[in-house]
Amino acid sequence: MTQTDLDEKLDEVERLLNDPDVELQPSRVWMLLDEVAGKQSAA
């Protein structure tokens, strides 16, 4: 995963959690965080 991919995933998490116009999708948030956590532990 590139830094750009990582940034995009974190941006999406932020949008899902904080944008009142976007429906919260808990499973999507957890999936993105799992991907990010896997990247962080591999570094």
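Reply: Happy to! The accessible surface of the protein comes to about 3300 Å², and 51% of that area belongs to carbon and sulfur atoms. Please keep in mind that this is a predicted model. Of its 43 residues, 14% count as buried, and its secondary structure consists of two helices and zero strands. The part I'd like to look at with you is where helix 1, residues 3–18, and helix 2, residues 26–42, are linked by side chains.

Let's start with the charged pairs. Side chains of opposite charge can pair when their charged atoms come close. A search of the whole structure finds two salt bridges. One joins the side chains of lysine 9 and glutamate 35, with 2.5 Å from N to O. Lysine 9 sits in helix 1 and glutamate 35 in helix 2, so this pair links distant parts of the chain, 26 residues apart. Glutamate 35 has a relative accessible area of 29%, which lies between the 20% and 50% cut-offs, so this residue counts as partly exposed.

The other bridge is formed by the side chains of glutamate 12 and arginine 28, at 2.9 Å from N to O. Because glutamate 12 belongs to helix 1 and arginine 28 to helix 2, the pair ties together parts that are 16 residues apart in sequence. Arginine 28 is partly exposed too, as its relative accessibility is 26%.

Now for a residue of another kind. Leucine 32 is found in helix 2, and its relative accessible area is 0%, so it is buried. Which residues does leucine 32 touch, leaving aside those up to four places away in sequence? They are Lys9, Glu12, Val13 and Leu16.

Leucine 32 and leucine 10 are 22 residues apart in sequence, with 7.6 Å between their C-alpha atoms. For glutamate 8 and leucine 32, the separation is 24 residues in sequence and 9.9 Å in space, C-alpha to C-alpha.

Together with Asp5, Asp7, Asp11 and Glu14, Glu8 forms a negative surface patch. Glutamate 14, another member of the patch, is also placed in helix 1. With 45% relative accessibility, glutamate 14 is partly exposed as well.

Finally, a look at the start of the chain. Methionine 1 lies in the segment before helix 1 and is partly exposed, given its relative accessible area of 42%. Between methionine 1 and glutamate 35 there are 9.3 Å, C-alpha to C-alpha, although the two are 34 residues apart in sequence.

Note on methods
Residues numbered from 1 in each chain as written. Predicted model: local features only at pLDDT ≥ 70, side-chain atom pairs only at ≥ 80, totals over all residues. Heavy atoms only, no water. Patch = residues over 30% accessible without salt bridge, like charges linked within 9 Å, V, L, I, M, F, W, Y side chains within 5 Å. Areas by Shrake-Rupley, 256 points an atom, 1.4 Å probe, with all protein chains shown as cover. Salt bridge = Lys/Arg side-chain N within 4 Å of Asp/Glu carboxyl O. Lys, Arg positive; Asp, Glu negative; His and termini not counted. Charge placed at Lys NZ, Arg CZ, Asp CG, Glu CD. Helix = DSSP H or I, 4+ residues; strand = E, 2+ residues; numbered from the N terminus. Buried < 20%, exposed > 50% of the residue type's maximum accessible area, 1.4 Å probe, protein only. Contact = heavy atoms within 4.5 Å.
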